[in-house]
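Hi,

Here is the structure we talked about. Please open it alongside this note. My findings follow below.

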Amino acid sequence: MKKTAIIILFFIVGCLLQHISHELLHVFVGKKMGLTLNKIQWFTFHGGTKVFFDDEEQILELDKDIPKEWIYTNLAGIIGTTILAYLFCAVYFWLDIGYLKLFLWELGMIFLLTDSSYALVCSFGNCGDLFLVNKNLKSKSTLRCLSVLLFVFNCFVAYIIWNRY
């Protein structure tokens, strides 16, 4: 019973960390790119979070030639959490059996699968963090292929880790 409670607690903490780090990566990269942050709405009634930057409405109305600052900011969440996932997985392999290894195992799984799934949905659905990227591309198939490859690769890494714990 104790182990089950710890696994559930680690899962909840891992999901919160993934969500918060994804959004903070948008904020960090957006500020580094010179965008002005208006506000962040955390955990709305839809269950999501929205980061608002100045001039966002005007950028969303553009049909093409999206400024690179906005492209980088949009991609920051998915790319950043994927890099974090690989770091968690690398550290996981160095640790001896214990609660920290279990926590990193769960973090690795959550970070690997959440945003790669999100990228897959966004690339085919023309929504979310890849909306502006899709608007800027002449061919949608490149982004779709990349998102499928990312998802398949992350599933492969998750499979390897799943069989190692």
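Which residue forms a salt bridge with Lys68? The partner is Glu69, and their closest N and O atoms are 3.8 Å apart. Keep in mind that this is a predicted model. Glu69 counts as partly exposed, because its relative accessibility is 23% and buried means under 20%.

Searching the whole structure turns up two salt bridges. Another pair is Glu56 and Lys50, whose side chains meet at 2.6 Å, N to O. Glu56 is buried, at 12% relative accessibility. Lys50 is partly exposed, with a relative accessible area of 33%. As background, side chains of opposite charge can pair when their charged atoms come close.

Next, helix α1. This helix covers residues 2-32, 31 residues in total. From first C-alpha to last, α1 reaches 44 Å, close to the expected 45 Å. Its buried residues include Ile6, Phe10, Gly14, Gln18 and His22. The cover over the buried residues of α1 includes strands β1 (37-41) and β2 (50-53), along with helices α3 (68-94) and α4 (99-125). After α1 comes Gly34, with a positive phi near 95°.

Last, Phe124. This residue lies in helix α4. Phe124 counts as partly exposed, at 47% relative accessibility. Setting aside neighbours within four places in sequence, Phe124 is in contact with Arg144, Ser147 and Val148. Cys145 is 21 residues from Phe124 along the chain, and their C-alpha atoms are separated by 9.9 Å.

Best wishes

Notes:
Residues numbered from 1 in each chain as written. Predicted model: local features only at pLDDT ≥ 70, side-chain atom pairs only at ≥ 80, totals over all residues. Heavy atoms only, no water. Helix = DSSP H or I, 4+ residues; strand = E, 2+ residues; numbered from the N terminus. Expected span 1.5 Å × (residues − 1). Buried < 20%, exposed > 50% of the residue type's maximum accessible area, 1.4 Å probe, protein only. Contact = heavy atoms within 4.5 Å. Salt bridge = Lys/Arg side-chain N within 4 Å of Asp/Glu carboxyl O.
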